[in-house]
Amino acid sequence: MSESPDEPRTTVLHDVHESAGATLVDFAGWLMPLRYGSETAEHKAVREAAGLFDLSHMGEIRVSGPQAAAVMDHAFVGFLSKVKIGRARYTMLTGTDGGVLDDLIVYRLGEDEYLAVANAANADVVASVLAERAEGFDARVEDESSQYSLIAIQGPRAAEILAPLTDADLGEIRYYAGYEHTVAGVPVLLARTGYTGEDGFEIFVKPAEHATDIWSALMEQGADRGLVPAGLSARDTLRLEAGMPLYGQELSPELTPYDAGLGRLVKLEKDEFVGRHALEEASRNTRPRRLIGLASRGRRPLRKDQQVLRDGEPVGTLTSGAPSPTLGRPIAMAYVDSELDTATGVFTVDVRGRGEAVDVVELPFYQRDT
Amino acid sequence: MSVPTELGYTAKHEWVLVKDGVATVGITSFATEALGDIVFVEVPEVGTEVTLDDPVGEVESTKSVSDIYSPVKGEVVEINESLEDSPETINSAPYGDGWLFRVRISEDPTGLLSAEEYTKLTEGEE
């Protein structure tokens with residue numbers, strides 16, 4: 001892996017992506033596949049069959065030791081000491097002011113062992129904040145990001161493609177669970193999690209070098225089942241359709257989990273934790289803003305940072321926007337005043353001076369049949 | 001990727017084919033591959049007077065918005081209406097069914113690049 005500060009880092013799978021003809025982009029300091037061919041085709045493959053993602057840019061931070069559970073409860077907004085071994089939680093790390101520093105999935109690997117999976121752009125912050133918050137506890141915080149590769153297989157056919165390659169009985173792995181298993185003979189943490197709105201698995205590979213064996217075994221196994229490699233472009237439209245927030249867009253240090261409509265992640269019933277005071281206050285106040293979904297009546301894509309108007313008056317700003325391959329129309333999320341009446345009025349989005357007619361729609365835009 | 005030799009090109013990745021005083025304009029395969037899937041296109045209305053290097057429309061892909069510049073001077077006489085419903089044709093056939101608009105030219109185009117020159121240019125951009 002390249003370590004020069006100027007050059008983006010590459011993952012173990014870099015050569016695989018290059019030979020597959022991927023368009024690569026610098027994402028949070030990593031050279032990652034944006035798309036391999038048509039991003040729309042990749043998106044549809046994940047909805048209808050399966051897609052394979054290299055997510056090795058994400059950060060893995062291990063917290064272990066006799067007081068690991070206490071550190072987790074102190075550091076995060078979730079009640080992580082209550083998570084059963086082998087299960088995972090979606091949670092947030094906030095500052096003392098309640099502002100979101102990262103949203104992440106935390107796996108409980110053992111009684112005294114957790115793995116926190118951070119967004120690439122926040123991995124260093126999460127590692128250093130956790131180390132700071134663990135001071136005085138009998139626990140260790142180790143940033144193992146460079147030791148891991150992360151591969152996700154997502155889509156309705158993910159399980160059937162993965163099953164012959166693993167020792168796991170996939171029927172026994174529930175959504176938001178993760179256990180030590182093998183895939184293609186390689187020991188991994190195999191989790192039923194994802195960021196696409198589909199069933200699927202995330203495969204944490206350590207040492208990172210073994211990722212190429214797993215990637216090629218999955219590609220081979222999935223070849224006649226519609227599996228395609230998928231890039232960050234498809235990942236973004238998939239998560240947007242699923243109404244999932246993206247850090248830096250729907251989430252930021254200026255917003256609390258309550259602002260993002262994710263106040264349910266904050267467990268005020270537990271003891272003291274970082275941000276508690278501010279979050280308790282935020283939980284009592286009326287939320288200043290809320291996140292709404294917009295679907296355009298036109299064809300012109302909606303984009304982040306455009307203004308949404310009600311009867312010609314600006315009422316908010318788009319946090320994400322993209323053409324939705326599943327809905328066949330442009331979609332977006334936007335923060336508006338929580339008191340805003342969205343049931344009446346004419347809503348438009350200012351697309352470079354032109355008012356595009358939009359409908360306020362319920363989130364998520366897409367939900368798979370279960 | 002193959003660049004048709006019978007067309008003229010601009011450094012902004014448009015192609016031009018002049019026949020009987022009418023220029024057909026499109027964007028190159030290099031441009032479509034850089035943009036990704038095209039989901040929306042706006043071209044000038046029929047009757048619009050365009051001049052060289054005028055921004056006359058937009059091409060939007062999943063991730064980006066790009067201006068289309070007129071590589072010729074004249075009056076727009078036809079637009080490719082099928083692109084409204086099927087903008088992806090620009091990806092699949094940039095030099096054929098994915099053409100954008102036609103201009104009755106008032107001046108012969110100047111400064112267009114040959115296929116060979118354009119290929120050299122794009123190789124430098126890769």
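How many bridges join strand β1 of chain B to strand β2 of chain B? There are 2, between β1 (residues 8-9) and β2 (residues 14-19), and the two strands run antiparallel. Strands here are DSSP runs of E with at least two residues, numbered from the N terminus, and two strands pair if DSSP finds at least two bridges between them. This is a predicted model, in which local features need pLDDT of at least 70 and side-chain atom pairs count only at pLDDT 80 or more, while totals for chains, interfaces and linings use all residues. Residues are numbered from 1 along each chain as its sequence is written, and chains are lettered from A and ligands numbered from 1 in the order in which they are written.

The strands are separated by 4 residues, and B:H13 takes a positive phi near 75°. β2(B) also pairs with strand β3 (residues 22-27) of chain B, antiparallel, over 6 bridges. There B:L17 is partnered with B:T24. This hairpin has 2 residues between its strands, and B:D20 has a positive phi near 50°.

Chain B touches chain A through 7 residues, which are in contact (C-beta atoms, placed from the backbone, within 7 Å) with 11 residues of chain A. On the chain B side, 2 are nonpolar, 2 polar and 3 charged, where nonpolar means Ala, Val, Leu, Ile, Met, Phe, Trp, Tyr, Cys and Pro, charged means Asp, Glu, Lys and Arg, and polar means the others, Gly among them.

In chain A, A:E202 lies in strand β12 (residues 200-205). Beyond neighbours within four places in sequence, A:E202 contacts A:L150, A:A152, A:A191, A:T193 and A:G194.

How values were computed. Two residues are in contact if their C-beta atoms, placed from the backbone, lie within 7 Å.
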